[in-house]
Amino acid sequence: MSKEVQENIKYLIKRPKTPEIKPLMHRSVFNNSIKRDYMSNRGCHQTMGYAEVKLNHPSKFLKKHTRIVKRPFVDSLKPVLPNEKCSQRCSRSPNFQRKTNKIQRNFLHKNIIDVIRKVPPLPRHRVQDSRNGHTMVLDEAGLEPTYVSKKNFGKTPSYIKKIIKEKEMEKLAEVDRVLAIKPPLRYLPEEERKQLLKGLKSNWDELYTEFLLLPMVTDSVPKVNRKSRIENELNNLEIDIDLLERYPSLYVCDN
């Protein structure tokens with residue numbers, strides 16, 4: 001019981017806290033110069049206008065020369081070119097000015113003369129093609145004969161004539177070349193004509209017997225084709241036989 005009753009007065013009075021000493025923050029040597037440059041160039045590129053703008057009178061609303069914008073003065077240092085340096089060194093006096101040959105021309109007078117001499121445009125040929133008032137220009141629509149008055153209207157162009165002539169000359173040259181190599185026609189002897197006529201007649205007899213052996217009813221496509229083929233061959237053979245029998249003297253081509 002005695003131990004629980006005992007009091008400790010050591011922490012009754014609060015002691016002051018000892019301040020914590022922190023190490024110094026690193027600061028650059030150029031800190032002050034950077035701040036000074038920043039503050040000096042801070043407002044050189046502002047484009048929001050002036051802080052206080054004097055308002056115009058209501059009587060000057062939308063009148064000429066009432067919206068004059070005053071730009072802030074900017075001292076622009078332009079680079080000097082080498083030619084300008086040379087001209088500055090070579091100038092004899094500070095008021096030296098180089099002479100330039102300016103062309104004195106009155107453009108207003110020239111424009112007036114051009115307008116006076118200009119040929120007035122012709123009126124367009126328009127046609128109304130509907131009851132609602134829709135008009136159509138015939139020249140733009142291609143309904144007006146524009147090129148009829150030309151000398152070469154409806155004639156073949158010269159370059160096409162030249163191409164046709166060249167092709168005809170090439171064909172004639174090819175024909176002459178073939179004729180020079182081999183003669184085109186030769187006389188058919190009597191014995192050869194008789195032998196040829198005999199062979200044609202024997203062929204006609206064979207085809208005619210084959211034609212007679214065909215069925216009477218042609219109810220399929222192959223039968224119809226075969227009959228028409230044999231008939232065409234018989235007609236061709238009859239034409240050749242008639243030609244050989246009618247003309248005793250003939251000229252034939254070996255090709």
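First, the ground rules. This is a predicted model, where local features need pLDDT of at least 70, side-chain atom pairs count only at pLDDT 80 or more, and totals for chains, interfaces and linings use all residues. Residues are numbered from 1 along each chain as its sequence is written, and side-chain values use heavy atoms, with hydrogens and water left out.

Now the overall fold. The protein has eight helices and four strands. Those are DSSP runs, numbered from the N terminus: helices are H or I with at least four residues, strands are E with at least two. Along the sequence the pattern reads α-α-α-α-β-β-α-α-β-α-α-β.

How much of the protein is buried? Of its 255 residues, 6% count as buried. Buried means under 20% relative accessible area, exposed means over 50%, and partly exposed is in between, with a 1.4 Å probe and protein chains only. The accessible surface comes to about 26,900 Å², and 57% of that belongs to carbon and sulfur atoms. Areas come from the Shrake-Rupley method with a 1.4 Å probe; for residues, only the protein chains shown count as cover.

In soluble globular proteins, nonpolar side chains tend to be buried together. Here the largest nonpolar core has eleven residues, including Leu188, Leu207, Leu214, Ile230 and Leu250. Helix H7 (190-212) and helix H8 (221-246) each supply at least two residues of this core. H8 gives the most, with five. A nonpolar core is a set of buried Ala, Val, Leu, Ile, Met, Phe, Trp, Tyr and Cys residues joined through side-chain atoms within 4.5 Å.

Stay on H7. It has 23 residues and reaches 33 Å from its first C-alpha to its last, close to the 33 Å expected at 1.5 Å a residue. That expected span is 1.5 Å times one less than the number of residues. Which residues of H7 are buried? Arg193, Leu197, Leu200 and Leu207. The buried residues of H7 pack against H8. Take Leu207. Leaving aside neighbours within four places in sequence, Leu207 is in contact (heavy atoms within 4.5 Å) with Ile230, Glu233, Leu234 and Leu237.

On to salt bridges. The rule is a side-chain nitrogen of Lys or Arg within 4 Å of a carboxyl oxygen of Asp or Glu. The count is ten. One of them joins Arg226 and Glu210, at 3.4 Å from N to O. This pair links distant parts of the chain: Arg226 sits in H8 and Glu210 in H7, 16 residues apart. Another joins Arg229 and Glu233, also with 3.4 Å between the closest N and O atoms. Both lie in H8, four residues apart, about one turn. Asp242 and Arg246 also pair up, at 2.8 Å. Arg246 is exposed at 53% relative accessible area, while Asp242 is partly exposed at 36%.

Last, the loops. Leu62 lies between H2 and helix H3 (82-90). Its phi is positive, about 55°, although Leu62 is not a glycine. Most residues other than glycine have a negative phi. Leu62 counts as exposed because its relative accessible area is 69%. Leu12 is in the loop between helix H1 (2-5) and helix H2 (31-40). At 62% relative accessibility, Leu12 is exposed too.
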